Amino acid sequence: MNKVAAVSIFLLLVTGCSFDVKDVPPVNPEMKSELIYTSDLPIRVFTGCGDAAVIVDDGVKYLSSGKTEDISFSVNAVASQIFKIKCIGAKFYICTFSGLFEIDPSQKKINGYFTSNQTVSSDRVNDICGNDDILFAATDNGLTVHTLNPALNIQYEKYKGIRTIDSWYSLDTENSPISDNECLKCELIGNLLCIVTASAVTIYDLDLDTVENYSYGEFFDGFKVTAVHSINGRIFFATYNGLYSYDSSTRSWEDYPSSGMVTDLRIDQLASSGDNLYVMTPSQVYSFNTFSGIFEVIVSLSELPGSSFTSIVSKDDELFLGTSAGLISISGPAGVLNKIWNGCVNEVKIGEGGVLTVISEKEIFIFN
């Protein structure tokens, strides 16, 4: 398997690293790391797609077959203006302050640049999601819909904007039921599109062509959504006030009081395995059983002196926790901690084939 193919989406979440961890077990000798990329400046974004990858550090780099090519001249945005890169339908999509860029790995170049002149609702594209038939771009001036399958055009024709061309449509406050144009995130989960805006969560049912808006004040106790994750038929929304879930079959919401089991509900990230949702907060990592509704603390920051939590993923029955002082695995019913790697981990991901990949401040590793 190509090593780059094992890598998925990575975003730089924190800066500043600490290496003073005193009470964590030593590095696990069974897991070997391999350096696949190094940079002179901090890595902001790393996204793999097939046998290629795009890296954003001081510029935009294209990585394929172990060779790196600088393609910064093709992207009309400086590194700090690139928000996110996603691989959808075997293509890269780069979200920036100055529009949306598309890269086809087979052509190894930018083959699409979309701006507010005729396509996207705004030049500021915050996020993108979709599949082989359709793309959704979250912008600060509404949600843009781009149909890749012409058969879908008839459904979205009523959302045609004044400035957009064929196959590009805009869901905004002027021509659709969406309640907030400032779209920050989007996730396509089955036939449901979840749009996180500055003031609400909007759920668009693609099959029924219906829009429901759920304000932060009414459904999330006034707290903004930090992460979205689907498990066991429910969509979970994380906030700095705990967990909330949405059941699409009944269009009902539920929140989950901690009942004193956890002391920190400021949720930054979510991961899952089986029936368990794993939750990372600034001071605790805990599991939440989606059937029983029971919380259980797995590890607290007090157990890892000199570090802070940065990332969380799960693989089978093992949890991998990135910290500012190293990569840690948590396994077994007793939640045994095992130090895998020393160094600042900004993001960790389970890639294709179950390969564990880590991005540090200026380097990218895979672990076997």
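The model is predicted. Its protein chain holds 2 helices and 33 strands. The radius of gyration of the chain is 21 Å, and the globule rule gives 21 Å for 368 residues, so the chain is as compact as a globular protein of that length. Along the principal axes, the C-alpha atoms fill a box of roughly 60 × 50 × 30 Å.

The accessible surface of the chain comes to about 15600 Å². Carbon and sulfur atoms account for 48% of that surface. Now take the contacts in the chain with a separation of 6 or more. Residues 24 or more positions apart make up 46% of them.

Four strands form it, in the order E15-E16-E17-E18. The sheet is open, and its pairing is antiparallel. Strand E15 (183-189) lies at one edge and strand E18 (210-215) at the other; each pairs on one side only. From one strand to the next, the twist averages 20°.

Look inside that sheet at E16 and E17. Strand E16 covers residues 192-197, and strand E17 covers residues 200-205. They run antiparallel and are joined by 5 bridges.

Strand E28 spans residues 318-323 and is mostly covered. Of its 6 residues, 5 are buried. E28 has pairing partners in both E27 and E29.

Take the E27 side to begin with. Strand E27 (residues 309-315) pairs with E28 in the antiparallel sense, over 6 bridges. Lys-315 stands opposite Glu-318 in E28. The two strands form a hairpin with 2 residues between them. In this hairpin, Asp-316 takes a positive phi near 55°.

Now the E29 side. Strand E29 (residues 326-331) runs antiparallel to E28, and 5 bridges join the two. Here Phe-320 has Ser-329 in E29 as its bridge partner. Again the link is a hairpin: E28 passes to E29 through 2 residues.

E28 is joined by hairpins to E27 and to E29, with 5 of its 6 residues buried.

Definitions and conventions:
Residues are numbered from 1 along each chain as its sequence is written. This is a predicted model: local features need pLDDT of at least 70, side-chain atom pairs count only at pLDDT 80 or more; totals for chains, interfaces and linings use all residues. Side-chain values use heavy atoms; hydrogens and water are left out. Two strands pair if DSSP finds at least two bridges between them. Axes are lines fitted to C-alpha atoms, for helices over the stretch in contact, and angles run from 0 to 180 degrees between N-to-C directions. The radius of gyration is taken over C-alpha atoms; the globule rule is 2.2 Å times the number of residues to the power 0.38. Contact means heavy atoms within 4.5 Å. Accessible areas come from the Shrake-Rupley method with a 1.4 Å probe; for residues, only the protein chains shown count as cover. Buried means under 20% relative accessible area, exposed over 50%, partly exposed in between (1.4 Å probe, protein chains only).
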